[in-house]
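Trainee: Could you walk me through this one? I'd like to know what stands behind the labels.
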Amino acid sequence: MRSNRSQDKKNLFITVIIIVLFVAMATGIFLFFTLYDWSGSGSADQLLSPTTVSQKESSPSSMTSTAPVVFEQLDDPLLVLVNAEHKMPEGTDSKLVEQFGIMLDERAMNAYGRMYAAAAADHITLWISSAYRDAAFQGRLYQQEIDDNLKKGMTENQAVEAAGRAVQQPGHSEHNTGLVIDFNGALDSFKNTNEYAWLMQNAADYGFILRYPEDKQDITGIMYEPWHFRYVGTEHAKNIKRLNMCLEEYVEYMRIRQ
């Protein structure tokens, strides 16, 4: 009886030892496969300790910078980018002249005169609804747009947001540059006219681009305006047309090429 009990104790002891060894081996294998640096940056016998992991995660090369990117205008004044994000820079090169009852940058005015004559020769009638605006006048237009939206039943936030898609705030409007022309009443129906078709075909030859194309609204942040043309100079206008870009895209394109 005693020998049997002694044998049972031995067997139990051996079983416990086997179980402990098995658990230890399993744990070692698990730790090896979970903690080993499989990236190839360490040696074959290197395990990643918590200190190593912490160093990897906090190293300068693995951290992204949160410093804001400062936008800088291109050197060419004809490519000045003015929109909701970028205000008209102080001291921008603009030589305003008055003609046809409106004011424009002299370069844009001269180009418009040539384009007007060419259009007339093709029995196309162009006339200017709006050109240069100072900040005060732009402010009145912006507030009027907000007021009109409020009358439609919009909330204050909705009215301001909708106004921003149609009229820019003072200093953020392209009209402040003196390089912009709104043609023939600035109407949506202008896109269905022979005048619009002629401009789309020929405006680039005189340095003008459609500033807010229908397929670029998500980039410009402005609704499609078939009447709104911007002077950028003949070379740039032809490139923009060829590349099918809006001005925001083209400015970045030129920045990369510099």
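This is a predicted model: local features need pLDDT of at least 70, side-chain atom pairs count only at pLDDT 80 or more; totals for chains, interfaces and linings use all residues.

Trainee: How do you know that the span of H4 agrees with its number of residues?

Mentor: Helices are DSSP runs of H or I, at least four residues, numbered from the N terminus. The expected span is 1.5 Å times one less than the number of residues. For the 17 residues of H4 (135–151) that gives 24 Å, and the end C-alpha atoms are 24 Å apart, so the two agree.

Trainee: Which residues of H4 are buried, and why do we say they are on the same side?

Mentor: Buried means under 20% relative accessible area, exposed over 50%, partly exposed in between (1.4 Å probe, protein chains only). Gln138, Tyr142, Ile146 and Asn149 are buried in H4. Their arc, taken from the directions from the helix axis to the C-beta atoms, is only 75 degrees, which puts them on the same side of H4. On the other side, Arg140 and Lys151 are exposed.

Trainee: What makes S5 an edge strand?

Mentor: Strands are DSSP runs of E, at least two residues, and two of them pair if DSSP finds at least two bridges between them. Three bridges join S5 to S6 (228–231), running antiparallel. In the open sheet, the order is S3-S4-S6-S5, and S5 (208–210), like S3 (128–130), pairs on one side only.

Technical notes:
Residues are numbered from 1 along each chain as its sequence is written. Side-chain values use heavy atoms; hydrogens and water are left out.
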